[in-house]
Amino acid sequence: MSKKVLVLGEAREGVLRNVSFEAIAAAKQISAGGEIVGVLLGDSVEALGTEMIQYGADRVVTVEHENLKQYTSDGYSQGFMAICEQENPEAIVIGHTALGKDFAPKIASKLEAGLISDVTEIEGEDEDAKFIRPIYSGKAFEKVQHKEGVLFITIRPNNIATLEKDAGRSGDVSKVDVDVKDLRTIISEVIRKATDGVDMSEAKVVVAGGRGVRSAEGFKPLQELADLLGGAIGASRGACDADYCDYSLQIGQTGKVITPDLYIGVGISGAIQHMAGMSNSKVIVAINKDPEAEIFKVADYGIVGDLFEVMPLLIEEVKNLKVNA
Amino acid sequence: MNIYVLVKRTFDTEEKIVVKNGEIVDDGAEFIINPYDEYAIEEAITVRDEHGGEVTVVTIGDEEAEKQLRTALAMGADKAVLINTEDDLDEMDEFTVAKVLAGYLEEQDVDLILAGNVAIDGGSGQVGPRVAEMLGINYVTTITKLDIDGTDVDIVRDVEGDSEVIKTSLPLLVTAQQGLNEPRYPSLPGIMKAKKKPLEELELDDLDIDEDDVEAKTETVDIFLPAEKEAGRILEGELADQVSELVSLLKNEAKVI
């Protein structure tokens with residue numbers, strides 16, 4: 001049976017995040033030929049509708065209100081539920097981002113629905129669809145099936161391929177009027193401290209440092225390499241505990257779980273709790289002076305050597321590559 | 001102030017996961033309080049010490065979870081509640097767990113609820129927000145700072161590395177992120193005292209919850225381990241040559257840069 005699927009488009013600084021297009025691709029698989037309706041919430045988001053359609057949405061419904069300028073669970077749920085009531089969807093797909101993690105459970109609760117979070121792969125389609133998601137931070141996976149009510153999933157960024165963008169696709173972008181009010185959360189300030197632009201959970205390349213980096217200063221070459229590769233930096237718990245960097249950079253079972261195309265571990269030994277957070281990366285490079293380090297067991301490529309000697313060479317080599325490209 | 005903390009018993013982070021017949025084998029595994037819930041317990045104790053009141057830790061599970069509740073009491077919580085679902089429920093999902101917890105909490109006089117932002121086993125992070133929504137109270141997830149003045153609450157929230165400075169009010173549910181505090185270890189006198197603190201055990205009947213009303217909406221049909229990764233190539237030769245080889249492999253073989 002075909003399903004009508006709602007997909008939330010998540011914008012950051014006026015640009016749709018890639019996970020929103022991945023969510024459209026996931027919706028397509030679930031919909032079994034049903035309609036895919038993009039949802040955009042914000043103070044001025046109508047213009048983003050076209051891009052959702054070019055990536056595969058059939059049409060887009062927006063709610064625009066000044067109280068939706070910043071995400072709050074109260075504001076967004078008023079907008080989203082108004083669209084839900086109008087559209088009566090059989091399924092919902094949202095990105096498993098900071099916003100998605102905060103927002104999706106509230107909507108699921110309102111709809112008395114199940115919610116399959118952090119899906120990395122969808123097997124089959126229609127009624128037989130099974131959703132694969134990591135448990136124990138990626139030490140294992142579970143396959144989950146929907147039983148009743150609205151089918152609701154959040155998808156992990158970087159795992160489900162987007163559909164090809166079709167600039168010629170067109171569709172209707174309509175508006176629902178909602179008086180968004182009574183917000184119980186007031187955001188008075190946002191302090192940015194993440195690495196410029198690229199968020200670790202969505203980055204294609206992550207350069208991570210461990211205790212071997214020895215100081216906050218020692219992270220500078222890692223940042224330089226990450227910048228050259230258009231990636232983000234991360235860290236092991238050891239490096240965070242030693243105050244070389246902020247806890248927001250921690251990768252592992254008590255930190256972020258990441259699956260970039262390329263992970264480069266620098267001075268990281270590979271404690272089981274760190275490996276849970278990165279071992280599903282597509283390509284793993286390890287640089288460590290200890291040839292017995294656990295991380296070499298999961299690394300595709302390893303260099304046994306002093307990171308303080310390797311990093312300058314590596315940065316130089318990548319620079320040359322970029323110059324010659 | 002009436003403070004409640006939602007806790008979960010989880011595998012120790014150092015445990016390897018073994019799967020047999022599509023299920024996790026937990027024989028002989030070490031269990032701990034979910035690390036994010038420890039931040040929640042610590043914060044609850046700090047808030048109580050500053051503003052007065054009582055901290056109650058609540059968990060769902062079987063009798064095994066008593067150990068983690070006693071640990072929370074030894075840290076300084078005042079009371080513990082175990083909602084024992086062993087006889088009533090086989091399959092639970094996040095909907096089930098939240099509904100049972102909300103069933104208990106709606107009978108209590110609640111000012112503040114704390115929980116971990118995610119459990120390191122299931123990893124869905126749904127239960128906190130779901131419980132708040134069922135109780136009709138506001139919630140703020142992944143907090144790194146909490147200040148309470150009367151019913152006014154000031155919070156700093158971690159959002160993918162950025163920090164949101166937030167104003168809200170009680171009653172409220174918050175979920176703890178790393179960096180909120182340093183959880184204390186139970187002291188020896190704490191452990192002795194914990195043995196005498198009240199630990200109440202409830203079943204669904206005591207909460208007037210019908211099994212059918214909390215039936216899971218999703219079902220786990222299989223559990224499996226990730227494909228074993230083959231050990232890769234350790235490069236050899238002069239360091240400078242290794243580095244050029246690496247960059248060339250990443251570009252031409254792996255095609256990731």
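**Entry 1: confidence**

I began by reminding myself that this is a predicted model. Its scores are ipTM 0.93 and pTM 0.91. For chain B I noted an average pLDDT of 96, with 100% of the residues at 70 or above.

**Entry 2: chain B as a whole**

I looked up the secondary structure of chain B and found six helices and 15 strands. The C-alpha atoms of this chain fill a box of roughly 65 × 45 × 40 Å along the principal axes. Of its 257 residues, 52% are buried. I also checked how far along the sequence the contacts reach: taking pairs at least 6 apart in chain B, 69% link residues at least 24 apart.

I wrote down 23 positive and 61 negative side chains for chain B, with the centres of the two sets 6 Å apart.

**Entry 3: the cores**

Which residues have the most contacts inside the largest nonpolar core? My list reads V5(B), I41(B), V57(B), L112(B), L114(B), L146(B) and I155(B), in a core of 39 residues. Helix α1 of chain B, residues 35-51, gives the most to this core, with seven residues. A second, separate core has 38 residues, and I was pleased to see both chains named in it: A235(A) and Y301(A) are among its members, as are V243(B) and V247(B).

Leaving out residues up to four places away in sequence, I41(B) touches V5(B), V7(B), I33(B), V57(B), A72(B) and M75(B).

I went back to A235(A), which sits in strand β15 of chain A, residues 232-235. Is A235(A) buried or exposed? It is buried, at a relative accessible area of 0%. Its contacts, without residues up to four places away in sequence, are A208(A), G209(A), F219(A), C240(A), C245(A), L249(A), Q250(A), I251(A) and H274(A).

A242(A) came next, in the loop between α6 (237-241) and β16 (262-266) of chain A. A242(A) is partly exposed, because its relative accessibility is 27% and that class runs between 20% and 50%. Its C-alpha atom is 7.5 Å from that of R211(A), 31 residues apart along the chain.

**Entry 4: a glycine in a loop**

Where does G56(A) lie? I found G56(A) in the loop between α2 (49-54) and β5 (59-64) of chain A. G56(A) has a relative accessible area of 6%, so it counts as buried, the cut-off being under 20%. Beyond residues up to four places away in sequence, G56(A) touches I24(A), K28(A), I36(A), L163(A) and R169(A). The C-alpha atoms of G56(A) and E22(A) are separated by 10.0 Å, the two residues being 34 apart along the chain.

**Entry 5: backbone details**

L170(B) and P171(B) are joined by a cis peptide bond, with omega about -5°. P171(B) belongs to the loop between β11 (162-169) and β12 (172-176) of chain B.

E112(A) is partly exposed, at a relative accessible area of 39%. In K255(B) phi is about 55°, and K255(B) is in the segment after α6 (239-253) of chain B. With a relative accessible area of 64%, K255(B) is exposed.

How values were computed
Residues are numbered from 1 along each chain as its sequence is written. Chains are lettered from A and ligands numbered from 1 in the order in which they are written. This is a predicted model: local features need pLDDT of at least 70, side-chain atom pairs count only at pLDDT 80 or more; totals for chains, interfaces and linings use all residues. Side-chain values use heavy atoms; hydrogens and water are left out. pLDDT is the predictor's confidence in each residue, from 0 to 100. Helices (H or I, at least four residues) and strands (E, at least two) are DSSP runs, numbered from the N terminus. Buried means under 20% relative accessible area, exposed over 50%, partly exposed in between (1.4 Å probe, protein chains only). Contact means heavy atoms within 4.5 Å. Lys and Arg count as positive and Asp and Glu as negative; His and the chain ends are not counted. The place of a charge is taken as NZ of Lys, CZ of Arg, CG of Asp or CD of Glu. A nonpolar core is a set of buried Ala, Val, Leu, Ile, Met, Phe, Trp, Tyr and Cys residues joined through side-chain atoms within 4.5 Å.
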